[in-house]
Amino acid sequence: MRVGIPRTLSYFTLYPLVQPFFEGLGVDVVVSPESNKDILDEGIKETVNDACVPIKLLHGHVAALKDKVDILFMPRLVSLDGKNTLCPKFLGLPDMVRYSIKGLPEIIENRLDLKKGKLELYRFLFRIGRRFTDNKLLILRAIWRARYNFMHYRKLLLQGFTPIEAFSLLQKGHNAEVQPQKGQIKLAVLGYPYTLYDNYISVGLLEILKSYGVNVVTPEMVPKQELQRMSKKFNKNLFWYYSNCVVWACKYYLTDKSVDGIIHVTAFGCGPDSMTNKLIELETKADRKIPFLTVTIDEHTGEAGVETRVEAFVDLIKRKKGIL
Ligand code: SF4
């Protein structure tokens, strides 16, 4: 049995949980290739025109997997923190894909809604496990293994590793003693995990920044309890989970005054981002010493254009700090 996992959207949040879980059940995990032009072009062909870039990309990843696997992992994600809801596109993902792409294999579309309680994550995994085996002990062992791996993953993120670096460290069996690279200046790069850590869609932004000697921090590197603390500083929060994480992470980095600037990476066609971007802009303007840059990505974004703007932004900050 081979289960296919699209290398986008919840991949950057759930992969370290579900990969050891499926393997613990004796199921082979097949991940779609890294995003590239062919995958995006295929996704654009399969999706409705007004979808955001990450959704178009997801369709391309599903198309790349559909003939190679027996079943696709595409759960209906409702809430990942027990309070906030994901963008409506996550809720309707299995339906959207099923009606857009013909000839799909079976889909694991179980609902994950942590508003039902903390144990819901384990119930969610258990229900999925029952599709593959009647052996309850095997499922419980696979859940335990998944939980252990996920805890290590979270520790690595809090140490300053990006999800991709953390995936690779976990695969090599490294422990959390390794230290991430440090740069001359520190920038908070805010955005959804599936835009920030997908090298193709973000046109390699994180790598470009590191090559300029920038220490990059992202929303995933902020402890959950700190994000919760920041949420209380707003009269009203947004509805959407990932958008709130971005806004709260912005508040966190502004409050602890540890960053020299903030970059918001926003996806063209994203409804929630029209509010998220404005909120971040207002927050950074309220703190007048922090330079702010918005980078909007769409299917036509070129590396050269982003590189020029980011280089100018970094130079400005380095001059301000007297490094240039
Ligand atoms: S939050 Fe925005 S980018 Fe993400 S799936 Fe929803 S519309 Fe698309």
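The structure is a predicted model, in which local features need pLDDT of at least 70 and side-chain atom pairs count only at pLDDT 80 or more, while totals for chains, interfaces and linings use all residues. Residues are numbered from 1 along each chain as its sequence is written.

Helices (H or I, at least four residues) and strands (E, at least two) are DSSP runs, numbered from the N terminus. Strand 1 (residues 2-5) is joined to strand 2 by 4 bridges, and the two run parallel. Val-3 has Val-29 of strand 2 as its bridge partner.

Two packed helices are described by the angle between their axes and the distance between the axes. For helix 1 (residues 11-24) and helix 7 (residues 136-158), the axes come within 8 Å and cross at roughly 150°. Helix 1 and helix 7 are therefore roughly antiparallel to each other (angles under 35 degrees count as roughly parallel, over 145 as roughly antiparallel, 65 to 115 as roughly perpendicular and the rest as oblique). On the side of helix 1, the contact involves Pro-16, Leu-17, Val-18, Pro-20, Phe-21 and Gly-24; residues of helix 7 in the contact include Arg-141, Ile-143, Phe-150 and Tyr-153. Residues are in contact if their C-beta atoms, placed from the backbone, lie within 7 Å.

Another open sheet has 4 strands in the order 8-7-9-10, and its pairing is parallel. Strand 8 (214-217) and strand 10 (292-297) are at the edges with a single partner strand each, so one side of each is left without a neighbour in the sheet. Neighbouring strands of this sheet are turned by 25° against each other on average, direction ignored. Strand 7 (residues 185-190) pairs with strand 9 (residues 261-267) in the parallel sense over 4 bridges, and Val-189 stands opposite Ile-263 in strand 9. Helix 13 (residues 271-286) packs on the sheet and touches strand 7, strand 9 and strand 10; the direction of helix 13 makes about 170° with that of strand 9.

Terms used: Two strands pair if DSSP finds at least two bridges between them. Axes are lines fitted to C-alpha atoms, for helices over the stretch in contact, and angles run from 0 to 180 degrees between N-to-C directions. Two residues are in contact if their C-beta atoms, placed from the backbone, lie within 7 Å.
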